[in-house]
Amino acid sequence: MGKVLKYGMVGGGIGAFIGEAHRKAINLDGKASIAAGCFSRSYENTLATGESLGIEKDRLYENYEEMAIKEANREDGIEFVVIVTTNYAHYDACKAFLNAGIPVVCEKPLTVTLKQALELEKLANEKNLQFMVTYVYSGHVTAMNIKEIIAAGEIGEIRTVMGEYPQGWLAFEDVQGNKQGEWRTDPAQSGKTNALGDIGTHIENTVFRMTGLKIKRLLARMDKVVPGRTLDDNSTVMLEYENGSTGVYWASQIAIGHDNGLRIRIYGSKGSISWFQEQPEIFHMAKQDGSLMEIHRGHSTIRQIAAKYTRLPSGHTEGWFEAMGNFYSNYIECLLAQRNDTFTGKMIEYPTLVDGVDGVRFIEACLKSSENGSIWVDF
Ligand SMILES: NC(=O)c1ccc[n+]([C@@H]2O[C@H](COP(=O)([O-])OP(=O)(O)OC[C@H]3O[C@@H](n4cnc5c(N)ncnc54)[C@H](O)[C@@H]3O)[C@@H](O)[C@H]2O)c1
């Protein structure tokens with residue numbers, strides 16, 4: 001086993017959702033171990049979380065500004081940081097660590113404004129620091145494989161894309177007591193969008209990573225369906241890509257009966273592909289001759305890059321943790337290569353600031369369209 005990197009975390013305290021998931025995903029490969037944290041706005045929670053993770057008290061911080069400075073000045077300081085706070089705090093926290101010279105991993109949406117996202121991109125580039133934005137779904141082996149199939153031209157020129165992400169968990173008026181529901185429906189913590197920013201950006205990013213299609217313009221309708229909502233809970237977007245093909249995305253939290261129903265269907269001139277994130281072990285490909293294939297992870301049909309991330313034989317299911325772990329594995333490999341002067345941009349398989357910035361650009365373009373009566377807006 002090579003060097004184990006030390007990392008820190010901001011957010012992800014006891015009672016939070018995604019921080020613990022990140023820690024588990026990182027642990028899959030044993031390439032990094034947690035050494036510091038500011039896990040919550042409550043110092044008590046940070047202390048309790050830190051204790052449960054076996055972190056020394058002098059590396060548990062009351063705020064992330066202090067953590068960034070102190071960790072940067074330690075000889076055994078953290079070698080990257082993971083930001084898993086609610087959306088409003090991403091920008092300041094990322095900036096603090098980039099300024100301190102520490103590589104960053106941040107949850108999506110990257111920031112609440114495009115201006116902030118572009119600033120982070122500039123800062124990370126100036127400091128030559130690697131930055132991962134955890135759009136996790138394209139880390140599934142089958143999603144990576146679809147990218148390779150499309151790049152090889154197997155379904156021909158892409159003509160149209162259908163992307164949907166239905167959830168039902170916010171279909172009801174009362175979100176009190178549901179921590180994750182409370183902040184997502186509060187503009188002060190979530191930003192100017194809920195469904196579109198929270199899950200619509202996953203559609204935007206998964207389509208981009210599978211197809212490479214760049215959005216040219218879009219038209220959005222962002223509805224607030226549940227009475228009393230100030231942010232969208234059901235959003236529909238029509239898109240035109242730079243190659244002239246089209247797309248339709250639907251992101252909903254009022255779709256009773258659905259959990260995390262991200263489904264992408266891509267139609268080309270020679271065939272089509274359909275992928276469903278709740279069944280990430282398989283995908284379907286149809287060809288012009290009428291044949292319909294169900295392709296399973298773990299078999300020889302899985303191509304080079306995707307196959308590299310296969311951890312288990314076919315039939316022993318891999319899932320969301322592995323998808324996240326795959327990107328961490330690549331991110332850490334790239335950080336180590338940068339230290340050894342063997343790093344090249346071609347090694348990057350994780351979602352970068354390009355993905356992060358485009359996600360926020362997508363949100364702003366949709367808001368502009370929707371707020372102006374659903375007009376077409378250039379991307
Ligand atoms: N990639 C994905 O699939 C995915 C899934 C869920 C959530 N997310 C993203 O992860 C982020 C967190 O979501 P969640 O559901 O875990 O939320 P959560 O409410 O469960 O957890 C947020 C945590 O951040 C902490 N926090 C907030 N402000 C802080 C600050 N200033 N300093 C230190 N800690 C602070 C809170 O105390 C809490 O521990 C969001 O940006 C969300 O969009 C991504």
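Author: Before we start, here's one idea we need: helix axes are lines fitted to C-alpha atoms over the stretch in contact, and angles run from 0 to 180 degrees between N-to-C directions. Keep in mind that this is a predicted model. In it, α1 and helix α11 (residues 320-339) pack at an angle of about 65°, with their axes 8 Å apart.

Reader: What makes α1 and α11 roughly perpendicular to each other?

Author: Angles from 65 to 115 degrees count as roughly perpendicular. The angle here is about 65°, so α1 and α11 get that label. Their crossing is right-handed, too.

Reader: Which residues make the contact?

Author: On α1 you'll find Ala21, His22, Lys24, Ala25 and Ile26, and on α11 Phe321, Met324, Gly325 and Tyr328. Sorted by class, this contact of α1 with α11 has six nonpolar, two polar and one charged residues.

Reader: And why are α3 and α4 called roughly parallel?

Author: Try the cut-off again: angles under 35 degrees count as roughly parallel. Helix α3 (residues 64-72) and helix α4 (residues 90-99) pack at about 15°, with their axes 9 Å apart, and therefore they are roughly parallel to each other. The crossing of α3 and α4 is right-handed.

Reader: What meets what in α3 and α4?

Author: Tyr64, Glu65 and Ala68 of α3 meet Ala93, Ala96 and Phe97 of α4. By class, that contact has five nonpolar, no polar and one charged residues.

Reader: Let's move to the ligand. How do you know that it lies between the two domains?

Author: Look at who supplies the shell. The chain is divided into domain 1 (5-129) and domain 2 (140-312 + 358-378). Both domains give residues to the shell around the ligand, so the ligand lies between them.

Reader: Which residues come nearest to the ligand?

Author: Of the 26 residues around the ligand, these are Gly11, Ala16, Phe17, Ile18 and Glu107. The elements giving two or more residues to the shell are α1 (18-27) and α7 (179-184), and α7 gives the most, with three residues. The shell divides into eleven nonpolar, ten polar and five charged residues.

Notes:
Residues numbered from 1 in each chain as written. Predicted model: local features only at pLDDT ≥ 70, side-chain atom pairs only at ≥ 80, totals over all residues. Near = placed C-beta within 6 Å. Helix = DSSP H or I, 4+ residues; strand = E, 2+ residues; numbered from the N terminus. Nonpolar A, V, L, I, M, F, W, Y, C, P; charged D, E, K, R; others polar. Domains from an automatic or database assignment. Parallel < 35°, antiparallel > 145°, perpendicular 65-115°, else oblique. Left-handed = near helix turned anticlockwise from the far one by under 90°. Contact = placed C-beta atoms within 7 Å.
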